[in-house]
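Below are my notes on the model you sent, as numbered points. Please read them beside the coordinates.

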2 protein chains.
Amino acid sequence: MKSLNIDNINPHIRAAKYAVRGELAVKSEEYRAQLERGERGNLPFDTVIAANIGNPQQLDQKPITFFRQVASILENPILLEHKDVLLNALGYKEDVIARAEKLLKAVGSVGAYSQSQGSPAIREEVAKFIERRDGYPADPKNIFLSNGASAGVNALLNIICASPNTGVLIPIPQYPLYTATLAVLNATAVPYYLDEAQGWGTSFADIKASYEKAVANGTDVRAIVVINPGNPTGATLSAADIRSVIEFAAEKKLVVMADEVYQTNVFTGEFISFKKGLRDLQKEQPGKFDDVELASLHSVSKGMVGECGHRGGYYEMVGIDEKVQAEIYKYVSIQLCPPVVGQCIVEMMVNPPKEGEPSFPLYKQEYDGIYKALHERATALYQAFTKMEGVECGEPAGSMYLFPTIKLPAKAIEQAKNEGRQPDEFYALRMLDATGICTVPGSGFGQREGTWHFRTTFLAPGTEWVGRIVDFHKKFMDEFR
Amino acid sequence: MKSLNIDNINPHIRAAKYAVRGELAVKSEEYRAQLERGERGNLPFDTVIAANIGNPQQLDQKPITFFRQVASILENPILLEHKDVLLNALGYKEDVIARAEKLLKAVGSVGAYSQSQGSPAIREEVAKFIERRDGYPADPKNIFLSNGASAGVNALLNIICASPNTGVLIPIPQYPLYTATLAVLNATAVPYYLDEAQGWGTSFADIKASYEKAVANGTDVRAIVVINPGNPTGATLSAADIRSVIEFAAEKKLVVMADEVYQTNVFTGEFISFKKGLRDLQKEQPGKFDDVELASLHSVSKGMVGECGHRGGYYEMVGIDEKVQAEIYKYVSIQLCPPVVGQCIVEMMVNPPKEGEPSFPLYKQEYDGIYKALHERATALYQAFTKMEGVECGEPAGSMYLFPTIKLPAKAIEQAKNEGRQPDEFYALRMLDATGICTVPGSGFGQREGTWHFRTTFLAPGTEWVGRIVDFHKKFMDEFR
């Protein structure tokens, strides 16, 4: 028996669940490695499609040229001694060179640690972006750059969770980063259900009921998480929904954590930031919402940027106590600083080429092209789902995912139970084994009891893989109907 | 009163201390910003020297050309369509292009998430490096790439610490990542003192006494941390020291955590990895050490690489239970993956240009030049210390630091007490205010009671700043003698 074994390690890590990269993802990687070794054997597919995770550049999405040209100079600043080559032989534009020079002045070297909170000059650009977006000022001292948005969620929940009794309201379904982190911190997730019948909007009545039930059970509810646009749902909250969350948070003195990483992945409706929602309320009803505490998060991994591997993100804190911010600073300092190239990508995301600048036409063409392709793929997938027996799916609304409901036959549910699995997990595993397509069962995100879903990205190119799902589903239903 | 305030946040974060980026570092950044705004005012210095943290590229150290040329292609793979320009106009060598092609094949795009554990092809290169270094094989499945070595320490301690009662043996003085992380996890640091009189080696007697005292107090001691070469001490452990730590760990069933990030920063003695030490013992005494559990960590931030801002690192696990490794995998998955460019820098660190390859001559010249410059600066600083009243310092042995003892006058100790500070903190603060040089007081690392130290890097170029320290020290002693 090893001295460190499954029975004596940190029990809170054992308790955490993170299905997005769980058993199915691991199995799909094994299939991928098997195919790469040329050992297809009996596998009924010749490619593995990772539809389990929003990872655009693993599939078809090309990086935005401006970002990567600048980054190539950041990595090798000696290129600046060959401007003629960059401009004439390699097609770099003047604004690429100017941006690289500006960023190198800000960070010194991308190989140097920055301040723990991120480069001050980059935080200034983030503040200006927020101000342009919302029409209200932002202060760079309240902005923390982070190692993707995930590190921001980690830091904020680490600070908020003071004891096992601390509760955080979490939308269900949710991106499991939230419940997994709360599990590791041995704190209490207080679920509130999104309303599938209303396009996965928030239900104020459900939030209130969940809160009251938790408080009655002795939980010290401290914060509410909102994912807008939704993951896995894609839903964009209306101004009224945002307002009612803020009003509720003000009444109950809850910190609002707004995960806004999909803010540009919006097909229907309009993205409104929680910061704008809060400032609007403060303007309309002076004095009443001054104490609201908000942290909103953004990332370079999603949107049309899709630079997941660079691990860039930021969070802005509004109305958070200065001493608390100092403790967050100390906490993030222990891990030194976010990746510096990732910080630079954040700068370019919030401050892309502008109309009239040399890189703008290509930037706009690429940006719009990615948006359009995402929308087309989402629509094609949605249309396939509408034709599948027992599958219901709302029209694509945003984010990078569809999250259809599946009505599974009783025989399939029975078989799942025999295998010790959730029915939708059983379904997703069968799908992987039959098609090589890796999705995430709805049980990985949470769902109303007795309902079953799966989440798939719509990032993979072409329609051939959609056909694989349709065929699989038909055979599955034939087997278990 | 804010709902989230200093009295109700996570008390374990409040309790954590991390002096390397603490009050002095924050104050030095304020001085730097003031000077950059051209508002020197009464400041008695015109530059700020960050000698508080091993951040080579913030100071004088140039990145290694091969690494950055490859990285520039990774960021902008379209450059591969202009090989003639790279080779003829920009001076890239054939092996730069080949390496970039190999790494792009491994990761797809540096903007895509990799496997949570890091790219398999890069982990294979790490395994080969370990095998070449130690003469014993390594298995890529036991290697986790990480966001700097710090993220590895975080993951390992998170897994090991099961309750407030879990104890981890920590060398004193130590890099405060360890005590800070244990504080956040609400686990118990069990200090053992390094022997300053013996060049900061480990003292087996002290380790044993600390362990026994902790066990007698009911602590469940699970692991022992060793930093080799030492931070802040620079000492490299002898084969005998390594052997006695492993024997002790085997006897008491402790996981050995070997922080080996300074493995190439060695001026005196020879670096021997704990992995080699363990395998040697296993070979000599078959069966007796089979159950030893070891995790060893490395990083791209230190050595002659110095790529801190890229946040790359790895840890190898030896003898760790498979189920435990699966839980570590799940834990790191929650934060998705380490920065992908950082992973590629790891690959280049462990697999640099070889003799006979086109980039080798420049690589070797740069590598040797950095090593030599570090040694020269360390020696100059050491010689200055030997001439300072009441300062004692061992000859530079390794890492990036000197850690002199200072005998402070009673009046200075009294004055520090009046200001509510540790005497060496008082001294380091005075030094910063007088010279613009930011160091870290010994109390930030731990030290024997009644002794005082400070840690300074020897990364800053030139000798002018060394003179500033000498002058300050003289005035300080004159004031308080």
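1. Lys372(A) and Glu376(A) join their side chains in a salt bridge, with N to O at 3.4 Å. A salt bridge here is a side-chain nitrogen of Lys or Arg within 4 Å of a carboxyl oxygen of Asp or Glu. The two residues lie in helix α14 (residues 360-386) of chain A, and because Lys372(A) and Glu376(A) are 4 residues apart there, about one helical turn separates them. Over all chains the structure holds 64 salt bridges.

2. On conventions: this is a predicted model, in which local features need pLDDT of at least 70 and side-chain atom pairs count only at pLDDT 80 or more, while totals for chains, interfaces and linings use all residues. Residues are numbered from 1 along each chain as its sequence is written, chains are lettered from A and ligands numbered from 1 in the order in which they are written, and side-chain values use heavy atoms, with hydrogens and water left out.

3. The interface brings 90 residues of chain A into contact with 90 residues of chain B, contact meaning heavy atoms within 4.5 Å. About 7,600 Å² is buried between the two chains, 56% of it on carbon and sulfur atoms; buried area is the accessible area (1.4 Å probe) that two parts lose on being put together, summed over both. Leu4(A), Arg21(A) and Tyr113(A) account for 11% of what chain A buries against chain B, more than any other three residues.

4. Between chain A and chain B there are 4 salt bridges. Glu75(A) and Arg68(B) form a salt bridge, their closest N and O atoms 3.8 Å apart.

5. Which elements give two or more residues to the side of chain A that touches chain B? Among them are α1 (11-15), α2 (23-36), α3 (65-75) and α12 (322-333) of chain A. The largest share, 7 residues, comes from α12(A). Helices are DSSP runs (H or I, at least four residues), as are strands (E, at least two), numbered from the N terminus.

6. Chain A has an open sheet of 3 strands in the order β10-β14-β13, with antiparallel pairing. Pairing requires that DSSP find at least two bridges between two strands. Its edge strands are β10 (401-402) and β13 (440-441) of chain A, each pairing on one side only. β13(A) runs antiparallel to β14 (residues 454-457) of chain A, joined by 2 bridges, and Val440(A) stands opposite Arg455(A) in β14(A).
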